[in-house]
Amino acid sequence: MTCRGLLEFTVHQAFVEVRTRKNSLNLKFTDRFRNQLDSLGRALPPQAGERNFHALHEAFIRCTNSTTFEVFYGNFYSELSKEIHGASWSGPSVLRTPLAEGFRCAIEIIATHAGLDFED
């Protein structure tokens, strides 16, 4: 699995978690990554049982203090999109890519929450 694949999967799963809330801000299903980020930013903080949303929130809190949730993950996604990965979604690890420190910190936390290790 690539870092980008893990981020996309986790954001989508967090969005699905938030949509099941009562009073879920009338979130409509979307497959657009940035729309999902905007919705998650409005839904902060995560509630009990929102495992993927909690992982994203924890990574945001621990790895940056200079921006909003949506901007941080939007910039992270842009960074990962600069180089499209050709790796398959197989195995219990996440393929490393060169990342800025805050982004590397975030993907490590997200991977840990998902029960994955990094592969050198």
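How many residues apart are Arg104 and Glu101 in helix α5? The two are three residues apart, which means that about one helical turn separates them. The model discussed here is predicted.

**Salt bridges**

The count of salt bridges comes to four.

| Pair | N to O distance | Helix |
|---|---|---|
| Glu58 and Arg62 | 2.6 Å | α3 |
| Arg104 and Glu101 | 2.7 Å | α5 |
| Arg104 and Glu108 | 2.9 Å | α5 |

Arg104 and Glu108 lie four residues apart in α5, about one turn of the helix. Salt bridges with shared partners join Glu101, Arg104 and Glu108 into one network. Arg104 counts as partly exposed at 31% relative accessibility, and Glu108 counts as partly exposed at 25%.

Helix α3 covers residues 51–63 and holds both Glu58 and Arg62. These two residues are four apart, about one turn of the helix. Arg62 has a relative accessibility of 57% and therefore counts as exposed.

**Packing of α1 and α5**

Helix α5, residues 101–113, also packs with helix α1, residues 3–19. The angle between the two helices is about 65°, and their axes are 10 Å apart. The crossing of α1 past α5 is left-handed. On the α1 side, Cys3, Leu6, Leu7 and Thr10 take part in the contact, and they meet Ile107, Ile110 and Ala111 of α5. By class, this contact has six nonpolar residues, one polar residue and no charged residues.

Key
Residues numbered from 1 in each chain as written. Predicted model: local features only at pLDDT ≥ 70, side-chain atom pairs only at ≥ 80, totals over all residues. Heavy atoms only, no water. Axes fitted to C-alpha atoms, helices over the stretch in contact; angles between N-to-C directions. Left-handed = near helix turned anticlockwise from the far one by under 90°. Contact = heavy atoms within 4.5 Å. Nonpolar A, V, L, I, M, F, W, Y, C, P; charged D, E, K, R; others polar. Salt bridge = Lys/Arg side-chain N within 4 Å of Asp/Glu carboxyl O. Buried < 20%, exposed > 50% of the residue type's maximum accessible area, 1.4 Å probe, protein only.
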